[in-house]
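Please look over the sequence and the model shown here, and then follow the paragraphs below from a pair of strands through sheets and helix contacts to the chain as a whole.

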Amino acid sequence: MKKIEFDKAELKKEIEEQVKHRFRKSMNQASQQEIFQGICYAVKSTIVDQWIDTHMEYEKQDLKTVYYLSMEFLMGRALGNNLINLSAYDSVAEIIEELGAGDICHLEEQEPDAALGNGGLGRLAACFLDSLATLAYPAYGCGIRYQYGMFQQKIVDGYQQELPDDWLANGNPFEIERKDYAVSVKFGGRVETQYAENGKMYFQHTDYQEIQAVPYDVPVIGYKNGIVNTLRIWDARPVEGFDLDSFDRGNYEKARENKNTARTIIEVLYPNDNYYTGKQLRLKQQYFFVSASLQTAIKKYRRTHEDIHQLADKVCFQLNDTHPTVAVAELMRILLDEYGLEWEEAWNITTHCCAYTNHTIMAEALEKWPIPLFSELLPRVYQIIDEINRRFCLEIEKMFPQNQEVLSKMAILYDGQVHMAKLAIAGSFSVNGVAALHTEILKNQELKEFYQMMPQKFNNKTNGITQRRFLVHGNPALAGWITEQIGDGYITDLKQLEKLLPLVDDGKKMKEIAAIKRKNKERLSAYILEHNGIVLNLDSMFDCQVKRLHEYKRQMLNILHVISLYDELKNHPKQKHCPRTVIFGAKSAPGYERAKMIIKLINNVAAVVNQDPQVNETLKVVFIEDYRVSNAELIFAAADLSEQISTASKEASGTGNMKFMLNGAITIGTMDGANVEIVEEAGKDNEFVFGLSSEEVISYEQQQNYHPEEILNKNKKLQTALNHLVDGTFILQGEDSNLFRGLYDSLTKGENGSFPDRYFVLADFESYTAAQQSAEKLYLNPQEWTKKAFINICHAGKFSSDRTIEEYAREIWHLTKCKLD
């Protein structure tokens, strides 16, 4: 295949033409947004031929395709990443300058982050798509075209407020609507048993509500190889649109009823499921995109292959966590009801097509649906799950005879609920964890009985990140320096960073690395000054914790340590202290009240600390509003210390830890998730490790013999810091004095039958404080700090998503690369 090549003069002309024809303006009349749009459309018009050719070549070579099904794809901004992968970033930057349109960095700011994801799950999916294209593997990402995403976070008086993230207000210039691939998805109704003339029983779904699923395709460009894969995101529309008769009769709401019902499906990612209607909408979303994706995948296969029995030879459905696991039952429905296969035939195909990735051991994330809700919304799919469960329970009985306890752990239908992770394990040929420790916990603890029954299914695929986004685009100064030292081979083979290791004792080179870090701290500081109005000390340690807000990720531990540091500075003002800027970025789920209160606590602590002249030259606290991919790139590049402090055994992998490592931050962390492998790669001497082990945490949970009051009684600093939650120190004017009482009680008393300090914040505080003191001591020796940071960069090669995808392709999907000319 031909690589995409840009003619600079032609591209410049195309940009001017796009601006003229789309906005009826010349370049000097156009706004920055209009120029940005013109550039995007010009780039898209340049790659569209290669996009078509890529898929024609896949068909010509008859290659197997993976369909990566995910509720989230946290893609970030598209323009810069696309230009890097096209090797056109510098050329387009020059064109923009020549056109008098400013500079490329400011134009990139015109692009909103695509609101198609929220956290690590969605960002991992985006990294995987980038690697699949770069490695020339045939793949589709399949998800939902959310109108407003999860939400845009605003911090008002320290509280998180959720606003619609209207990322499509100016359209998405890279997407293409594909009405010709629209399919119907059915909800509700009832199922009738019918008999054909030959006596064969079949099932007829009637009285259902029908929604049209319309795909939008977004290009995913491989790095310098001519490959353009596809992210396919689904829009929902009514089959019967505007009801003019009702409108003419004055019933305006009924006239729009069908449209409103359809739009609800795609408006918001993760609607609040604290209510029945929220649960129903979540299940509706999951089935909607899964059914649409499977229908089109099978139709695509059938265009070039007659025998449906050979589907698994050419198609694999990868289920990214439990959200898309209804795919097991939906594939069975299609094969049974639309292709007339017998049960055994359909089950054999399904269990050779579906593969499942488990991303968590947290009970609330292993989705369960009330049977009445599920059976009412998806009656035929429920019938199929009921039969899968019946047959699976017979297999369980053979393996574990007369063992009701095991049956309760393994049955898909149990205790009035449909257990989606169990359906995925039963119906998939592969079940993988996402870090070595996580996979071992699944095999030996959480899914022990499944592993005993079907050990051949279980495997590990440690997560990874794309260096093209998080180094080449996010940290161009460091990427340029690396290229000068060892060439640009690391952009597609990150292990080549190990070639840098001999430079660790070169004082001049280490000064250059330190200078790059300082430049990146200047860049982040400018962002924080603009958005938070806070002036930072560039000589301070940038101590960063940016990730989804959840109690197990323990932002609470971090802010308690900040409170303790504040006390230390107030009580010993003449002692020498390491200057520190503690940076948080996090969104809480809208219905997660305790997490939202932790955000409020962080902001109140920041307000008190930053306004205290006695300490604010030494300690600053910053909460970055609306954490997302574009500002994450600034944070990763500037960070000195990477906070990876989850309760051991709770974090499946983490990928923020890898992004920080790649950009030269040193990890302070528990031996949890991929932290274990980071320590193995870089060496324990080059990280700050603390806390309970996963075995100790699991033992405490099983034995229920953890007594946090004993820890409190022995640690006066911890007592004092914790008491500040209820003694008014961080209560601002006009606020309730008991504002943080719930957080205090959750650590000291427990709530709703759970033991206190469920995530062992108090247990790890002393060890965490000691690790922080070690970090401060090292930071005050900048030459040694820079060396250890540099060693982390050199050993980040394992954590490329290219490595992860090669393992998936070789060991699970059995894909063949497209042959390139």
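In this structure Q194 stands opposite Y202 in β8. The strands concerned are β7 (residues 190–195) and β8 (residues 201–206), which pair in the antiparallel sense over 6 bridges, where helices (H or I, at least four residues) and strands (E, at least two) are DSSP runs numbered from the N terminus, and two strands pair if DSSP finds at least two bridges between them. Together β7 and β8 form a hairpin with 5 residues between them, and in the turn G199 has a positive phi of about 90 degrees.

The model is a predicted one, in which local features need pLDDT of at least 70 and side-chain atom pairs count only at pLDDT 80 or more, while totals for chains, interfaces and linings use all residues. Residues are numbered from 1 along each chain as its sequence is written, and side-chain values use heavy atoms, with hydrogens and water left out.

Strands of a sheet pair through backbone hydrogen bonds, either parallel or antiparallel. The antiparallel sense is found again in an open sheet of 3 strands, whose order is β13-β15-β14. Because β13 (368–370) and β14 (413–414) each have a single partner strand, they stand at the edges, and one side of each is left without a neighbour in the sheet. Between β13 and strand β15 (residues 417–419), which run antiparallel, there are 3 bridges, and P370 has Q417 as its bridge partner in β15. Helix α17 (residues 420–427) packs on this sheet and touches β13 and β15, its direction making about 45 degrees with that of β15; contact here means heavy atoms within 4.5 Å, and axes are lines fitted to C-alpha atoms, for helices over the stretch in contact, with angles running from 0 to 180 degrees between N-to-C directions.

Parallel pairing is the rule in another open sheet, where 6 strands follow the order β20-β19-β18-β21-β22-β23. Its edges are taken by β20 (619–624) and β23 (688–689), each with a single partner strand, so one side of each is left without a neighbour in the sheet. Strand β19 (residues 580–585) is joined to β20 in the parallel sense over 6 bridges, and G585 finds its bridge partner in I624 of β20.

Turning to helix contacts, helix α23 (residues 555–571) and helix α24 (residues 593–610) pack at an angle of about 20 degrees, with their axes 10 Å apart. The two are therefore roughly parallel to each other, given that angles under 35 degrees count as roughly parallel, over 145 as roughly antiparallel, 65 to 115 as roughly perpendicular and the rest as oblique. On the α23 side the contact is made by Q555, M556, I559, V562, I563 and Y566, and on the α24 side by I598, L601, I602, V605, V608 and V609.

Helix α12 (residues 327–338) and helix α15 (residues 379–399) pack instead at an angle of about 105 degrees, with their axes 9 Å apart, which makes α12 roughly perpendicular to α15. Their contact draws on V328, A329, E330, M332, R333, L336 and D337 of α12 and on R380, V381, I384, I385 and I388 of α15.

Taken as a whole, the chain has 34 helices and 23 strands. Its radius of gyration is 27 Å, close to the 28 Å that the globule rule gives for 821 residues, so the chain is as compact as a globular protein of that length; the radius is taken over C-alpha atoms, and the rule is 2.2 Å times the number of residues to the power 0.38.
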